[in-house]
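Please open the structure in your viewer and keep the selection tool at hand.

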Amino acid sequence: MASDIAAPARGLIAPDQDFGSVGRTVSEIALAHPLRYRWWLAFAVSLCGVSLLVAAIAYLLYAGVGVWGNNVPVTWALDIVSYDWWIGIASGGLLISALLMLTGAEWRGALSRLTETGALIAAAAAACYPIIHLGRPWFFYWTLPYFNTLGLWPQWRSPLVWDAVDIISYLVVALTFWTIGLLPDLASLRDQAIERWRATGRGRLQAQLYGIVALGWRGSAYHWHRWMQAYRIVAAFGVLLVISLQTGAAVMFAGTVEPGWHDTLLPTAFLLAAIFAGSAFMAAAAVVLRSIFGLEALITERHLALLSWLMLILGLFNLYCYAAEIFTTSLGNDSFDLAVMGRRIGGAHAWAFWTIAVCALLPVHVFWLKAARRAPRVIVIVGLLVSGGLFADHFMVIVVTLQQDFLPSSYHPYEVGLWGVLTFLGSIGLFFMLALLGLRYLPVVSIIEIRRLSLSIPGSAAHGV
Amino acid sequence: MTPASHDLVALRAHVDGGSGPALWRSLDALAETPAFRSFLDAEFPAAARLAAGPDRRQFLRLMAASFAMAGLAACSDTGGRSQEVAYVRDPERIVPGAPLVYASATLLDGIANGVTVLTRNGRPLKIEGNDRHPWSRGGTDIFGQASILDLYDPLRSQAVLYLSRPSSWEAFRGAVTGPFAAIKADGGNGLRLLTGPLSSPSLLAQVAALKTDFPALHWHSFDPASGGGALDGAKAAFGTALQARWRFDKARVVVAIDGDFLDPGPHQVGTSRDWADARKASASGDLLTLHAATSTPTLTSAKADDHVTLRPAELAGLPGRLQAAIGGDSPKGDDPVSLWLARAAAALAGARGAGIVLAGTDQPAAVHEAVHRLNDALGNLGQTVFFAQPAVAEAESLGALVEAMQAGAVSTLVVLGANPVYAAPGDIDFKGALAKVSLKIHAGLHADETAAYANWHLPLAHPLESWGDARAWDGTVSLMQPTIAPLYGGRSAAEILSILSEAEPRDGLALLRAHWLEGRDPARFEPFWKQALIDGIVPDTAFPAETVAMRPAGPSASAPPPAAAGTLDLLFRPDPTVRDGAFASNAWLQELPKPLTKTVWENVIAISPALAQGEDLSSGDMVAIGVGDVTLEGPVWITPGQAPDTLTLTLGYGRVLPDMLFSGYGYDAYPLRLAASPSLRPGASLRKLGRRVRIATTQDHGTLEGHDFIRLQRPGDGSAETVPRELPSFYPAKGGDGRAWGMVIDEDACIGCNACVVACQAENNIPVVGKTEVALGREMHWLRIDRYYSGLKTGAGLDDPDTHFQPVPCMHCEEAPCEVGCPVEATLHDQEGLNLMVYNRCVGTRACSSYCPYKVRHFNYLDYTSAAAPSVQQQRNPEVTVRPKGVMEKCTYCVQRIVEARIDSDKSGQPIPDGTVKTACQGACPTRAITFGDLNDQASAVRAAHGDARNYALLGELGLKPRTTYLAERAPARAEPPGKEG
């Protein structure tokens, strides 16, 4: 690893790529739509998922939130689990992108678009839940501070208010971050589309649309200067927001007196789990995109190795959190905390705990092997296992505590209802539909970042356009 | 003013032409003569200004008035409504919105419980206790509390039916006049009357009068809920059928052989009060202890300090073994039964003349007789055990009726308020015998199974809508007043008998008055009658204790044959909530968790843990029970405390009438019952079917899991509280307006009867959600009764654990965690320490419930309220919001009652006296286990209870300062090494 870092640019761009070819490779996808049939097929499937979501939400609005399997005591279940999971993936993606941006890691170029887009659309999938999980969704705005004649304000001590503020801020920042990063690329697309139009006489509308969204970007030094400032500031906001959002979501639980929730470790654990899930998901997505669109030239083996290292390190952090929680619970010797821990490990939903252990914490250790760090398939499998495994983490934290907290009498089993599952499948459909639209119409990797990278490689910039 | 001359012709034209004013006071005014104007100016300057034409301000003022008047005028549009009569005089006594309370009685098995009925705007809304009633003393039971819903039951019979087709009372009368005249001419031959159990003096007098008109009339009565031989036992012992009465206040020891004096039944309210009062009074000295032996767990065995479980055949031998043990032949062996016997015998021997041995109502006559003899031997008779007339009058049996029907001796059968087609024991073919009766008349609250086989079905009026009387368990005559006109045109049993037998049928009031007027001085009748109606009782009508003399023991009754090895005993018991099926149409009772199994909406087969283990059964497994040539399929429910090889079946379910609330729930146990021994049938076999069904239950986990949610206090123990009430806090103490509402619940007095749960449901418009929703975990009861099993008291294990009841309303924590969670401040504290719910602010995040350590909050996951039948909506308390879909709700300490008292206090300037505010649960409790009031009032009862050494907070270590606290259960001094906690 040490040698990898010492030679920053080596291996990040394939030897046969140059300043112009990286741009063409990427914009080709957006402009020419090379995978037309497969794209339409995938889009149709994800559209089915979205219609499922629409149907599930429509039925929920008609009949009430009781169409899910939630009950008393398990008032929060698949709804909050799904929300926390999606927002965790989103946070992880955004945090990685923003941190790498701020620390100037030059290898992020190939991944930044992917992580930023992923962060945005995962947040969109997450954003379904906070509203529809309400008993009276049409009054969702009561949780926000707005001026009204009754002089009613939210109850500021509630973590849910801050969570609502966090989500909205997060969506704004993620969207801004993504748009800023996209701007020069849109200009590139515009330029190439105009070229294409002039050459073939086709694609005028496309060129005009890209022209509009490129906001008149000319690539002047002044533009670049401002752009870099804005990008960095928003990235810094993003980092803060991810921390605030994840710890805020954790305080929603840690702020109670409930066993298994009332724990100062929880915010840290939430944050680390979110980054872990997000990076694992992004790693898997990167490898999948790489093979679909033949981006081996841009997302290289070294990128894969770096992602593998990241997963391994985060996996160790998460392992520490779990170990610390079990240790402090045992040391604390509170009978209710111990009982919740016992139920997590051996109760009706013990599958969740063991899923975390087997799917999230264990597989990353394959990356101690050099061969695994460079094997795309291993990364996809581990990435999906980890991100899926951390779904079980949210399930475990929320459902196991709620199902029985203090009084044995208030125990009641929770069963995932059909409509809850459909809603979750629908949110996955929504994610993929947005992802596919992004892939179709936007550069899948950041053209300018890749170009900047190619500039730093001696000998390749000479051929620049 | 000088009269001006008028041009009458011109004036006439003026008016006819429509240009003049529509109203005029004089011809001057009409003519608008100058003289009139000047007069106007002088007399009414303001009017003159008006007549002169308005200025701007005046114009605006006028326009404002005009618009207001126009609005009023719009209201008085008479289009199509000119026939209405104005509400000129208020109906007497009805003040809109103000409650009006009538004393009345609710009926269970024909026996009265004195209650009061609270009505608002002419609608009865809530059953409350009647403090003046000498038997119920302000207490109520679940059946009484729920009877208000029966009144509004949309599925009640709503029309006279002839051959199942709608008919009318006139048609009925016309149709029966002829046949009854013929029967009368024939001396009543072939006429039979079948009723439920009757205690009503006026009805009994009517039946007696009927017998003089129809000398050959036979009167039968049928009570499916009773299956024992208490009266026959007394007859065998004393020569007369008498009911045992117990003076718990004079006793130190109670030994209950399958005792059920705390269990549901017409005796429950008064007996449990006697028990709880005596237990409380004894706590300062020797605690009144209860030793219970049962074959199936009951509320009585649950409250026992020392209990044992054994098969019915062994149980029947217990009085004899007790007698022997007291005589010095102490039982050998260290099995639980022998040990229990030794302890019970020692206790009884140590309290001669101050002990009570009693047997359950379902025990056969032989056991009752043996118990009476044992009491006699111990010198308890006349000290703690007394005998008095039973409340219910004796009549011929159902078996005799069916025999006569089969013999063709019955041509006309009148069934009043009984449902024998459904509830007859399996060996009495009532339905078959009905075919031989030519005229069958059935009157009932519902068009039930028997109605389907009758020629005529008559809708019976609900007790809350008819005049009547009935005796309470102690004999006290309780009067029933109608609180509303019959909703569905029903008539009372007395009115129906009057139609059948009298030339001019009389109404209920006339019949009742006539009965009570008889033998009284008419001049002094009115004051007596008025006071009796106000109090709801006829004073001094309780049956006095009779002097009894023990008859020599006859040939010792043959002990029941020992159970054949490998076979099972079947016990039949009325269902704890729907009883014999009479309450099956009541949704509150269907959804009320059965006190011990906590199941709802169906009956289960209680099976002992040992037998379930042996047969590899778990709760919900379907089994087939075969006995004789009858088989029954039902789900088993593992019930700790159930005797091995004994199954308990409850009655009242398995009905298949279409379109009824109860259709399709549970199994029907009646076909397995035998007339001779209705509560026990040995020789059954059990077969696992391999199917499972989902039983809806409100409490899946019943052990304490090592925690101290339930605490015991034995003599000499210190405070039950283990954590200081004031834990250190970063936050300043909250201020208030001086009041601090709080509740203390005495676990020692709580018998788990559920009356509070139903009362809460009635008071607070709590919806019924149905079996599916309960199975999902969405029941809405604001107050639940947790039932825990432990070994705290006796150290007993799984097969026969100690049982504890803990009612759990909202704790109204001073540091309420729910309030922190709510993002919209829909749940918050008021200045008197109430944790309030603002329904219309709630958005339904459910954070409050997630944050609540007691899980007392309930969420409207679906729309549970708007689909209720219109008649059921009539029952709703107008003082309490009906909650829509998506809103959280929970116990409010009956805030509407607090507010009412607060308003009165604010108006009068006086503080709220202690005891003014009674929560619904508190008022319903027959044992007075719940105390509520102002904790800041130094003299209040709740403050005193709070200071009791038994007081402790549930989960007090969380530092939430709950306002609801508990008084630990009492337990006698430990006689042996402590057992392990279960």
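How closely do the axes of helix α4 (residues 78-103) of chain A and α14(A) come, and at what angle do they cross? The two axes come within 9 Å and cross at roughly 135°. Axes here are lines fitted to C-alpha atoms, for helices over the stretch in contact, with angles running from 0 to 180 degrees between N-to-C directions.

This is a predicted model, in which local features need pLDDT of at least 70 and side-chain atom pairs count only at pLDDT 80 or more, while totals for chains, interfaces and linings use all residues. Residues are numbered from 1 along each chain as its sequence is written, and chains are lettered from A and ligands numbered from 1 in the order in which they are written.

**First stop: α4(A) and α14(A)**

Helices (H or I, at least four residues) and strands (E, at least two) are DSSP runs, numbered from the N terminus. The angle stated above makes α4(A) oblique to α14(A); angles under 35 degrees count as roughly parallel, over 145 as roughly antiparallel, 65 to 115 as roughly perpendicular and the rest as oblique. Select I80(A), V81(A), D84(A), W85(A), G88(A) and I89(A) on α4(A), then S387(A), L390(A), F391(A), H394(A), F395(A) and I398(A) on α14(A): these residues make the contact. Residues are in contact if their C-beta atoms, placed from the backbone, lie within 7 Å.

Now display both chains: 41 residues of chain A are in contact with 43 residues of chain B. On the chain A side, α6 (159-200) and α11 are the elements that give two or more residues. The most come from α6(A), with three residues.

Finally, select strand β24 (residues 646-650) of chain B, where five of five residues are buried (20 or more other C-beta atoms within 10 Å of a residue's own, with C-beta atoms placed from the backbone; exposed means 12 or fewer, and partly exposed in between). T646(B), T648(B) and T650(B) point one way from the strand, and L647(B) and L649(B) the other way.

Definitions and conventions. Contact = placed C-beta atoms within 7 Å.
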